[in-house]
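Biologist: I'd like to learn how to read a model like this one. Could you walk me through it?

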Amino acid sequence: MLANVFLKTGRDRILGVFIGGVSVALLLLAGLAIYREIDASFINQLPEFYLQLLSLPEGAGVAGLGFGAILNTIGALTLGGLAISLGSSSIAGEEANGTLGLLLANPVSRTRVLLSKAAAIMGLSLLAVLLLWGAAAITPGMLSVDMTGMMVGSLLVHLFVNTVFYGFLAMAIGAWAGSTSLASGISAGLMVIGWLAVGIFPLISELDFLTEYFPWYYYAGSQPLANGIHWGHLALLAGASLGFVAVAYVGVGRRDLKNGGTKRGVIDRLRDNPRTARLVERFAGSARVSGIVAKTASDHQALTAIVASILFYLGLLYGVFWRLIPENVLQVFQDLPEALIAAIGGADMGTAEGWFQGEMFSLTAPIALFVLTILVGTRALAGEEQKHTMGLLVASPISRRRILIQKVVAMVGLAALVGVATFLGSWSGGLIGDAGIAPIRFAATSLLLTLLGLVMGGVALVLSAAFGRTSVAAYGASLVALLSYFVFSFFPLIGGLQGWSELSPFHYYLGGSPLEMAIDWGHVGVLAALFVLLVAVAVPLFERRDLRG
Amino acid sequence: MNGNLAIETKSLTKHYGDVEALTNLDLQVRMGEVFGFLGPNGAGKTTTIRTILDLIRPTSGTASILGMDSHQKSVEIRNHIGYVPDDLSMYPNLTGRDTLTYFSNLRGGVDWSYVDQLAERLDSDLSRKIGDLSSGNRQKVGLIQAFMNKPRLLIMDEPSTGLDPLVQKEFQAMMREVAEEGRSVFLSSHTLSEVQRVADRVGIIRSGVLVEVESVQSLRSKAIRRVEFEFDGSPNSSEFETLPGVRGIELHENRAVISYDGKIDALLQAATRHHNVVDLIIEEADLEEIFLTYYRDAERDTPVKA
């Protein structure tokens, strides 16, 4: 192993891991503080299978709810995401930056570089888990929350192995394909789909067996928080992780490494083919460089297509699932105490509206859309600066204001596409699942979702315009999004803070229950005005600043 | 503001916090000339260019391009300029032609036959993606981008980075043609041989201060030359010492090597007064020597005595 490769990778990434770990720790603290305010006695009256679903040990109180919702899920997804980003940049990222050649020009073998990178992924995952462990050790004492029966240590061991699993998976794909987007896309897709599957399939007895085909099952399926470490599952995950290192070893050893360079996509091939060249040139070739709007949209077309199809299929799937979930499970949902309904996101999952809102619209759909809009907002200005293309762009006879506005137009267009896909998917899903929700309700919710996405994209744009740094814009906007969600979903549970939830943009998205009731045009207006305001703030910030790149 | 000037800066100053990147820069670039802007790394060349292009804003002072205020009229100005940034980056997933299409669309279109002509002169393959090109070939696309709208003023920051000698020569010819058509070139460089070949005048910048602006001709005439005489007898240092412009004398048996920045005529007369000259070598004064002189000056902070 190479100590300096290990240390450099660690140093490059430690801040991100630290921010991720600390955020989850803070969320845990805040979550527990809020759950403490709720009368948790109802938990003891829940049917056993529901405790299973929430992965709560019997007799768990507030702590179980907090740890279950935050560490078990948000913690694992955050850490998994960090590890995927680390893993995909390990080999493929250095290739894309053109730094791998330089690294390998030193007397070091590809194998040793690979092993050092793998060690860095493990080290950083361990650091993140230790941060969570620290938070989990301190918080309950601080808030005097009862921790009886909670095996936090076991959960964290599972969490660590799970994190390393996704990191190594991304590294292996990156090592074979040399593409960071492929590596992170496949790994993150597998992680999120697994998480959803493990949450939903057990509700439907015919599909229950399918959960075992998703790696997430071996992390969460045995419910380590309640049942302790499941060594068999851990061994499977760890074994697969080692397998990924071996796969990466073979992949990186046999391939011609790239140094910068580009991919050849479908469009490039069609353009080279004399039969299709003309048509493709017309629609995809020169069309995408016809102006700033087209170029910006085209730069994000792949991600937009992915986000739009994810939301389309999710809408469809949840409709199908709605039909498949047995009556008795729905009955349980319907009998849940109000406080618990509030604690798990405010949706009454016993109704079709609540099911769609709870499973899809409250969290998954916003996250998917935020990924897109925040990225577009971030890259719009800061991205061009960091890639050193801003100089040439601004040297064109176009004012900074117009550059910004045209990027915003592209953002609105892309978000609208995702909104339409969400509508079409959930509407069709509703028809298939016989949910009995009027199409106009899905349309209204999708419209509000689109506007909420634009607001977060607008936040990224403002930060991007003010600082010209992609990391500030992306992290800042994500933080705002997280806080907004938090304020919206938790403040209403606390007596004195109820009114404050109106400060959150989420309030204007789901606060009016758009799947159940007629759309509140005032809410549409608030979100739209907020977005326009953010753009209006971004313009002078961008116009006044010294640009880089 | 003077309409016959391509670039005019008045007391242009730029501070980054405590760092003075530019201090009271007064610069005039005329129409119809190639102006070489010389200085070592970190002297303030790029800061000057980015300031006059309105990418960054001066702490104080003003700049005007083609008689227009560089900030107030920045959009109007950009209709008339071509720009090659240092450390040129473009969109790696676009082909050369896509890139040029994009920038030409932002300019409201260009004459494509001229673009093809430029591509041919620079031997540039526009069908390949920028990300797959070597840095020299990428630079060619950047140059075409700057030349393609026949701008009245070309502002180029280290433009010949990575170009092979043949293409460099063609590029230099292109710059001369621009000047001959009455347009201007502002060429920031530390490639002295290039500046020497194409520039009419040069400005030398050191630590953010413009230390000299002169024509290449007069700079060269002022330069210290190494003049080596071979005599039919042993020369004596007293024969040269009194001559104005002599900066140093080395004597070896029949040879004398004189560092000299005066008129050649006078030196020849002094040399032939006592001996016959058997052989004579006068090294061409080049900007490199002048350039180094300026920077040695800076290091020692005293005038050079060779």
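Biologist: What percentage of the 549 residues in chain A is buried?

Modeller: Buried means under 20% relative accessible area, with a 1.4 Å probe and protein chains only. By that rule, 53% of the 549 residues in chain A are buried. This is a predicted model, in which local features need pLDDT of at least 70, side-chain atom pairs count only at pLDDT 80 or more, and totals for chains, interfaces and linings use all residues. Residues are numbered from 1 along each chain as its sequence is written, chains are lettered from A and ligands numbered from 1 in written order, and side-chain values use heavy atoms, without hydrogens or water.

Biologist: How many helices and strands does chain A have?

Modeller: Helices (H or I, at least four residues) and strands (E, at least two) are DSSP runs, numbered from the N terminus. Chain A has 24 helices and zero strands.

Biologist: And in chain B, what is the order of the four strands in the open sheet?

Modeller: Two strands pair if DSSP finds at least two bridges between them. Here the order is β12-β13-β11-β14 in chain B, paired antiparallel. β12 (246-252) and β14 (277-282) of chain B are the edge strands, each pairing on one side only.

Biologist: How many bridges join β12(B) to β13 of chain B?

Modeller: Six, and β13 (residues 255-260) runs antiparallel to β12(B). Within β13(B), Ala256(B) is opposite Leu251(B).

Biologist: Which strands does helix α10 of chain B lie across?

Modeller: Helix α10 (residues 264-272) of chain B lies across β11 (225-231), β13 and β14 of that chain.

Note on methods. Contact means heavy atoms within 4.5 Å. Axes are lines fitted to C-alpha atoms, for helices over the stretch in contact, and angles run from 0 to 180 degrees between N-to-C directions. Buried means under 20% relative accessible area, exposed over 50%, partly exposed in between (1.4 Å probe, protein chains only).
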